[in-house]
Amino acid sequence: MRKKAMSLLLIAVLVFANITAVFADSTYTVKTGDVLWKIAEANQLTWQQLAEVNQLKSPHLIYPGQILKLDGTTAEAVSSASGTTKAAPKAPATAASLKRGDLTGEGKGVHGNIQVAVTMEGKAIKGIQILWQDETPGVGDIAIKQISDEIIKHQSVAVDTVAGATISSKGILAAVTQALGKAGVNLADYQKKPQKSAAAGTLIEKQADVVIVGGGGAGLAAAVSAHQNGAKVLVLEKMPKVGGNTIISGAAFNAVDPKRQVPLGIEDSIEKHYTQTIEGGDKLGKPEMVRTLVEKAYPTLEWLESLGMKFKADIFTVLGALWPRTHKPVEPLGTGYINTHMNYIKAHSNDIEIMLNTKATELIVEDGRVVGVKAESADGSVTARASKGVVVATGGFGANIEMRDKYNKKWPALTTIKTTNHPGATGDGLFMAEKAGANLIGLEEIQLLPMGDPVTGSLSGNIEQGVENRIFVNKDGNRFVDEGARRDVMTKALFEQKDSFMWVILDKHSYPTGSTKNNFNETIDQLIAEGRAFKGDTLEDLAKQIGVSPENLVKAVAEFNTAVEKGGPDAYGRTLFADKIDTAPFYAGARVPTVHHTMGGIEINTSAQVLDKAGKIIPGLYAAGETTGGIHGSNRLGGNALPDTQVFGKIAGESAASGK
Ligand SMILES: Cc1cc2nc3c(=O)[nH]c(=O)nc-3n(C[C@H](O)[C@H](O)[C@H](O)COP(=O)(O)OP(=O)(O)OC[C@H]3O[C@@H](n4cnc5c(N)ncnc54)[C@H](O)[C@@H]3O)c2cc1C
């Protein structure tokens, strides 16, 4: 108690004397099953602080018995183990940078308290320093930055929260409010709603044949096809750039393609793709929608090629695809889809306009027909009228924590599970379409992947190169699931493992050289250098590096290799095999569950026309991509979403251009 009080006194002295903290008396001995971010959270630190102070090559590289320093400083080496978790000073790493007059405050975020220091000059808020936050990367952290800027700009804590990041938004607002409370100012002066700027009051009128909401994969495909069918097009995109989830995707595209599959000896058929998609979604997909998807996947791939997009000759099986029919574009990630459409759009810029930073808020309905869209931009309020049709292509709601929590029925609480999605995936189109009478289906069908980065939830750093050549092992080094199974099956099995944590294990077959890249454009050497993957000359060596039992890992790989030889289903029911894992170097990469895709959404027909609750077509309204439901059922096959966006994006453009 006395020691803690002395520590706190010391922090106070150091903070206000503006000198670097230099004590190191708190330690923690790592127990079996510990993960770094949980230790950090329990000690009110960030994992980055712990990794830095303990000079960890990787946040995943901790082992039972290891002694971690908890004080966030880089003081002397630790000599004794305490075996217990002691409270550590909050955010001491930044204490040195606090200035006299900085006011600190805390507010509840998604992953612990958000801590800030506010700098005042007289009565003016001059700066907001984030001392500590662990919000969802790409979602909560962006909200914190945006709101801090807004508070300073408007000198108000009554600024709007960021859609899809309400908890983080409220956390930063509460933290700044608390800090202001210590300034002895009249809080009411900072709680006035900011006046709308002159620009925001400006009315912008737009007219096009087809207005498209959302500049991601489906929206841009619709823009190109609407133009090819004679329409003048306006695309509204709320983010500062086009691309959405499509541009950050792994780009895997399923299509039955005899031209590429037959020379590789892969037997396939439209019927097989259909059956696997229907069965893989527990028969909840609408048969006619699935039929359209699988039949048009290859002609749509050819359409993309006709627009200049290039796909590799190789065919593989992306995770959860269930069959080798996955195509990979030549350009990295999903940039090929977006660049292809943008090249066309730029070449036809007289007829296709894209308005960035323009958030659609409402569909305009007149006499039962959708005739336009209302939107807000920094330049003013937009009324975009569409003489032929409006296409909603706003993507899914994987980044909207409130919606995930509201609709989730089958997973453990998703509040703190991270996501692979971009921050704009907040389900806006669903609200707008529903208000215009659309029927929403399957919203509870939320897809998680077992392939999230333990720190960010993103797919980057995923070392797998296809399903056939890798296994998953848990923290004990044991396999636990058919690694070729459906995504929901694998993720459920992962939730049952210690800390919902696993290692992907593979060998040289996946990475013939150190400069071989994964699906996310990262070389294996780069991942190893960053401590995000591990390399061993033997399986025992690899096991030691990642802290799993060498005996178990060797046994798991040996059993897998026997199954490869036999070719039949193994003890887990796995049937997808190619090479043995028998050639050094061996590699490992850590993964956890992450929210990936929302299968439910706006109900459409095979012409991408939106249906109302009675199953009738809503005139003038079309939708495509992840904002729609009824295709993937309860579980989307890996590699089926991009064909979905392109097939139905193209159809939506055609239908809207014809005004049918
Ligand atoms: C990391 C990652 C990897 C993936 N890998 C694959 C893969 O390899 N293969 C596969 O088949 N699928 C994959 N998926 C899924 C697939 O990428 C998505 O389902 C697909 O890209 C969705 O496309 P979309 O056009 O419907 O939405 P997006 O591409 O997300 O586009 C929607 C756009 O609408 C904008 N928007 C939203 N609201 C508004 C509004 N109110 N006003 C204006 N604009 C708005 C958004 O900002 C966004 O730009 C992956 C997904 C992720 C996140």
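Predicted model: local features only at pLDDT ≥ 70, side-chain atom pairs only at ≥ 80, totals over all residues.
Which residues are buried in helix 11? In helix 11, the buried residues are Met-289, Val-290, Thr-292, Leu-293, Val-294, Ala-297, Tyr-298, Thr-300, Leu-301 and Leu-304. What lies over these buried residues includes strand 8, at 253–254, helix 10, at 270–280, and strand 9, at 311–316, together with strand 10, at 326–329, helix 12, at 335–347, and helix 19, at 641–658.

Helix 11 itself runs over residues 287–306, which makes 20 residues, and its span from first C-alpha to last is 29 Å, close to the expected 28 Å. Just after the helix, Gly-308 has a positive phi of about 110°.

Let me turn to the ligand. It is surrounded by 40 residues, and the closest of them are Gly-214, Gly-216, Gly-244, Gly-395 and Gly-625. Two or more residues of this shell come from each of helix 7, at 217–228, helix 8, at 244–248, strand 12, at 358–366, and helix 19. Helix 8 provides the largest share, with four residues. Sorted by class, the shell holds 14 nonpolar, 21 polar and five charged residues.

Leu-322, in the loop between strand 9 and strand 10, has a phi near 70°, a positive value in a residue other than glycine. Is Leu-322 buried or exposed? Leu-322 counts as buried because 27 C-beta neighbours lie inside 10 Å, where the cut-off is 20 or more. Asn-521 also has a positive phi near 70°, and is placed in the loop between strand 18, at 502–506, and helix 16, at 524–529. Asn-521, however, is partly exposed, with 13 other C-beta atoms within 10 Å. Elsewhere, the peptide bond from Ala-584 to Pro-585 is cis, with omega near 0°, and Pro-585 sits in the loop between helix 18, at 550–566, and strand 20, at 586–598.

Finally, a word on confidence. The chain has an average pLDDT of 87, and 87% of the residues score at least 70. Over residues 1–25, however, pLDDT stays under 50, and over residues 72–98 it likewise stays under 50.

Methods
Residues numbered from 1 in each chain as written. Expected span 1.5 Å × (residues − 1). Buried ≥ 20, exposed ≤ 12 C-beta atoms within 10 Å, placed from the backbone. Contact = placed C-beta atoms within 7 Å. Near = placed C-beta within 6 Å. Nonpolar A, V, L, I, M, F, W, Y, C, P; charged D, E, K, R; others polar. pLDDT = per-residue confidence, 0-100.
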